[in-house]
Each structure stands twice: as C-alpha cells, then as structure tokens.
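Subject: Structure handover

Hello,

Here is the structure I promised to pass on. Please open it next to this email; my notes follow below.

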Amino acid sequence: MRFAKSPSGKTMAIPRHLAIIMDGNGRWANERKLTRTQGHRQGVVAVREIVTNAIDLGIEYLTLFAFSSENWSRPPSEIRDLFGLLKLFINKDLATLHKQNVRVRVMGSRDGLEGDIVALLDKAETLTRNNSGLVLMIAFNYGARQEITAMVQHLAHEVETGRLKADAINESLIAQYLYSGGVPDPDVILRTSGEQRLSNFLLWQAAYSEFIFVDCYWPDFDRNQLELALVEFGCRNRRFGGVSVDEMELTPNALVSGG
Ligand code: IPE
Ligand code: IPE
Ligand code: MG
C-alpha cells in the first residue's frame, strides 16, 4: 500500500484501483433550480477533475460508473442527454486523455447502443491502447448481473464446444471473462450523494473492496473531497478474512507458534 500526505498533513492511502459511483447530478441541479441536463453537464467537469487528480496521486486504475443498464428506465430525453454528453466528452477530451498517457477501456454491453457511440468508444480504446499511464475504465451501459450473465454464457459456450473442461472453471478464469478482465479488483468503491447501495455495480469485483459513501453530490466532488476519502481509506483495516498484523501478535496461537 502506498501512502501520501494530504495538504492538511493527514495520511492518505492511495488505492491501486478506485471505482466511483458518480451519483447526485440531478439533485445537485434541483437544489440550484437548474435542469437535470445542467447537472449532468457539471458532472462531466467533475469527471475531468477526478481523472487529473487520479493521475497526480498515482492511482493506477479508475473506474467511473457513467450509465447503468437500469438507467434505460429514465425519460428518453435524459437518456439522449447522457449519451450526448458521453459523445461530447470523448470528442473533446480524447486528445487530452491520450496526451496524459491514459488508457481508456469501456466496460458494459454494446447492445442497444447506436453505431456512432460504439464507433466512438472503439476509437477511444484503440487510440489509447498502448498508453501506460492511468487505466480509465468507463462503465457505460454497464450492469454487474448482465456482466456475470454474459460471462456464464461465454464459459458455457466454451464448454459446449469442447474448448474448456467444466472442472477448469475457477475464480481467476471467471474474473478473466468479466468486462474487467485483467484489471485488479477495486480497493475502494466510492459513492457520492449519500446513497448507500451498489446499484448493480461490480458485484463480483467488490468482494473485498472498502466502501466509502460521501454526502456531497457528484458535481461537487473535488480534490479536497477525494483527499478526505483517501484519508478515510487509510484508516481502514483490511483483513481479507485473516487477522491484521497488530492482532496477530496478541493471539494465543501466534504466541504458541512463536509468531
Ligand atoms: C448520476 O446522477 C448520473 C447517472 C446516474 C447517469 P443522477 O442522475 O442519478 O442524479 P440523482 O441521483 O437523480 O440526483
Ligand atoms: C447508479 O446511479 C448509476 C450511475 C451512477 C451511473 P443511479 O442514480 O442510477 O442509482 P439508483 O437508481 O439511485 O440506485
Ligand atoms: Mg442517482
């Protein structure tokens, strides 16, 4: 684990992989008597900021939940807005991301997306494929249950066609066949806006993630908010089912076995 000092002198732990449920654009706008569209637009400003801050802090993987499989139940005009903003973001920011050495990966289903969006997503992935800096995973048209279902279908097909033995299926193979294949599990899943749920995000990958819920709406999530969250992460004791090093010295078994 890497540590850094926040400007206020507190210790932040830097996650290798930070995943964010960017929530609260609508309420942010509502409180300001603005339209939801304006809230989403301000959300994109916060996206630019988090990418720059993640690079600056040396975070290796940043996953951003931008559009869920369940967000199709929103009014068509809002869906159009969200898709329009994704297009705008890629069109406007792809060159900058490339210059920042960011590798873009999109996780989610391409089904139901219009051809021009798919082409843009492909372009972003292809252009930045060989970059070695921050890996930016954009979860778009993403749902964890859909991801798991697709993985099961894929593996079942491999078994059906004889390319895979059922007994060879193990945790690492499953992880490999998810959209996030090759990416380590998130150390932190952070959700803004005060809601405390996963909303179908990274169900498999979240097995040992630390959850951090902050009250501020996504458009207000700035460097200071990020630093506070990383200070909080630094206070967590991740045991992964074991015992922490401090506790180990106190357990009778450890004493008996000489530590
Ligand atoms: C997050 O903000 C953006 C997306 C889900 C696409 P919301 O649009 O969910 O904002 P609230 O939760 O209604 O405030
Ligand atoms: C989760 O937020 C999805 C994204 C942030 C893209 P929602 O606003 O859609 O989640 P619920 O409906 O409050 O659970
Ligand atoms: Mg919401």
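A word on element names before the findings: helices (H or I, at least four residues) and strands (E, at least two) are DSSP runs, numbered from the N terminus. This is a predicted model, in which local features need pLDDT of at least 70 and side-chain atom pairs count only at pLDDT 80 or more, while totals for chains, interfaces and linings use all residues. Residues are numbered from 1 along each chain as its sequence is written, chains are lettered from A and ligands numbered from 1 in the order in which they are written, and side-chain values use heavy atoms, with hydrogens and water left out.

**Serine 69 and two loop residues**

Serine 69 sits in the loop between β4 and α3. Its relative accessible area is 15%, so serine 69 is buried. Buried here means under 20% relative accessible area, exposed means over 50%, and partly exposed is in between (1.4 Å probe, protein chains only). The side chain of serine 69 comes to 2.9 Å from the backbone nitrogen of glycine 143. That is a polar contact: a pair of N or O atoms within 3.5 Å; within protein, one must be able to donate a hydrogen and the other to accept it, and residues adjacent in sequence count only if both atoms are side-chain atoms. Setting aside neighbours within four places in sequence, serine 69 is in contact with Asn141, Tyr142, Gly143, Gln146 and Asn200. Contact means heavy atoms within 4.5 Å.

Asparagine 200 is in the loop between β7 and β8. Its phi is near 70°, a positive value in a residue other than glycine. At 12% relative accessibility, asparagine 200 is buried. Serine 193 also belongs to the loop between β7 and β8. Its phi is near 85°, again positive in a residue other than glycine. Serine 193 has 6% relative accessibility, so it counts as buried.

The 22 residues of α2 should span 32 Å at 1.5 Å a residue, and its end C-alpha atoms are 31 Å apart, which agrees. The expected span is 1.5 Å times one less than the number of residues. Buried residues of α2 include His40, Val44, Val47 and Leu57. Glycine 58 follows α2, with a positive phi near 80°.

Leucine 85 is in helix α3. With 12% relative accessibility, leucine 85 counts as buried. Not counting residues up to four places away in sequence, leucine 85 touches His40, Arg41 and Val44.

Helix α7 (residues 223-235) has 13 residues and reaches 19 Å from its first C-alpha to its last, close to the 18 Å expected. Which residues of α7 are buried? They are Leu226, Glu227, Ala229, Leu230, Val231 and Phe233. These buried residues pack against β2 (11-14), β3 (17-21), α2 (36-57), β7 (188-191) and β8 (210-213). Aspartate 222 caps the N-terminal end of α7, with a side-chain oxygen 3.2 Å from the backbone nitrogen of asparagine 224.

**Pockets and a cavity**

On a 1 Å grid over the protein atoms alone, a cavity is a set of points where a 1.4 Å probe fits but cannot get out; a pocket is an open set with protein on both sides within 12 Å along at least five of seven lines; lining residues have an atom within 4 Å of a point. Grid points are joined across faces, edges and corners, and a volume is the space filled by probe spheres set on the points.

The largest pocket has a volume of about 690 Å³. Its lining has 32 residues, of which Met22, Asn25, Phe65, Ala66 and Phe67 lie nearest its centre. Two or more lining residues come from each of α1 (25-31), α2, β4 (61-68), α3 (76-99) and β6 (135-142).

The second largest pocket holds about 180 Å³ of space. Its lining includes Trp72, Phe83, Lys87 and Glu114. The largest share of that lining, six residues, comes from α3.

How many cavities of 30 Å³ or more does a search of the whole structure find? It finds one. The largest cavity has a volume of about 50 Å³. Among the residues that line it are His17, Met107, Asp185 and Gln205.

Best wishes
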